[in-house]
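Me: Please take a close look at a single part of this structure and describe how that part sits among its neighbours.

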Amino acid sequence: NLTNRLSRVVKTLRGEARLTEANTQEILREVRMALLEADVALPVVRDFVAKVKEKALGEEVVGSLTPGQALVGVVHSELTALMGGDLGPYAAELSLAQQPPAIVLMAGLQGAGKTTTTGKLARWLREGLHTHEGRKTGKKKVLVVSADVYRPAAIEQLRTVAAQAGVDFLPSNTEQSPEEIARNALEHARRYHYDVLLVDTAGRLGVDEAMMREISALHALLKPIETLFVVDAMQGQDAVNVAKAFNDALPLTGVVLTKLDGDSRGGAALSVRHVTGRPVKFVGVSEKLTGLEPFHPERMAQRILGMGDIVSLVEQAQQAIDQQDAQKLAAKLKSGSKFDLNDFRDQLAQVSKLGDMGSLMEKLPAQFAQAAGQLKGGQAEQQMRRMRGILDSMTPAERAKPELLKASRKRRIATGSGVPVQEVNRLLSQFDQMQGMMKQMKKGGMAKMMRAMGG
Ligand code: GDP
Ligand code: MG
């Protein structure tokens, strides 16, 4: 499988100081295969691989990395950037900064999931749910309307999801024109002071002129702050053409990738981003109205590459650069930002590399040594490995926000790392102690820290 092949290639390149045409060729071929297997469109794959190559060639291989690790690092970070990681942490947020009502127009082919997503977004906005950065949008008063005048059933479907979402539904019918419906809805939303108006539209089975004209006209009339292109993740190679057609006809502001709960590897995400340049804002992960999540560029990059193991290769590479990690942590503490489980994990990784756990434990903060149970040599190492296993089984978001770790996630993590749930709990309470100590350190400065460390 790909992981094995990559690991092997990564190893064979050990000892070279620079990334070259020759030492990257094989890995790039594997990357190309992985992307194609994930259903990324061929032209997008070509562009991507060319870009990675351009970035990588001639690059010096830092520290203890092998060229293979360095290249996998470039691939991963480039993919994450392409997925929207370079757009900043709030790229996935809906913009509602419009004189109310803020209007959201849904576009996409029939069956893409527009009506379902309209219901999901309605619920999301009504409840003022967290974004992935933990910011709240605040609870909104939401109105939904359907401009799908070709299928009465589609209008009824929206009525049903609106009721489930607990938002208001403005009836429309197939006798009306889409523009008429839009004008009515706008007026109604203004008169009754809705914060947000979601406009569901008709789609066709394929891209056609009439559909594009219709939705362009709706766009001109509604002047929406968000025009979301809804696309089925299972669409695969074809997603590129569909995205291109919609992007040419409409000033899209974002993408919703639906049906990611299927077995698609999400290659469409890369294709669509590449073609539209717009951020994927949400992903649909079930038919239910709760099945909507903010988009995570890094997770999608991992999914497309097809494995957590590529990421662990990257992480191995990153961890080898001790000093950088340490500096980052120091800077983070200095800047007063929160010490989270990601930092804890980095610390453990650094500590593990220093070897000789027995003597190391003595140097660790008192609370921590206590928590580790005053273990000797081998035992401590084993303990440390188990802790790292637990931390590795969490997602980066969970490590950034340990409060996410409710019972079901803990169970998943325990299963993933092969430990009892109690051990996950123990680690979390150790982390709590550690966090408390970090706070003190910030307050009390170096001297206090040295005392705490018994030095
Ligand atoms: P529309 O024609 O674009 O309005 O698409 P619909 O909202 O009617 O959705 C088409 C089908 O896809 C329906 O059966 C939905 O239940 C289903 N669907 C939509 N989003 C998702 C999703 O995220 N996951 C899954 N599994 N099914 C979805
Ligand atoms: Mg529909």
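Reply: What follows concerns one strand, β7, and the elements around it. The model is predicted, so local features need pLDDT of at least 70, side-chain atom pairs count only at pLDDT 80 or more, and totals for chains, interfaces and linings use all residues. Residues are numbered from 1 along each chain as its sequence is written, while chains are lettered from A and ligands numbered from 1 in the order in which they are written.

Strand β7 covers residues 280-284; strands (E, at least two residues) and helices (H or I, at least four) are DSSP runs, numbered from the N terminus. Because 5 of the 5 residues of β7 are buried, the strand is largely enclosed by the rest of the structure. Buried here means that 20 or more other C-beta atoms lie within 10 Å of the residue's own, with exposed being 12 or fewer, partly exposed in between, and C-beta atoms placed from the backbone.

β7 pairs with strand β6 (residues 254-258) in the parallel sense, over 3 bridges; two strands count as paired if DSSP finds at least two bridges between them. Within this pairing, Leu257 has Val283 of β7 as its bridge partner. From β6 the chain passes through helix α10 (residues 267-276) to reach β7, a β-α-β crossover that is right-handed, meaning that, with the strands pointing away from the viewer, the path from the first strand over the helix to the second runs clockwise.

β7 also pairs with strand β8 (residues 292-294), in the antiparallel sense and over 3 bridges. Here Val283 stands opposite Glu293 in β8.
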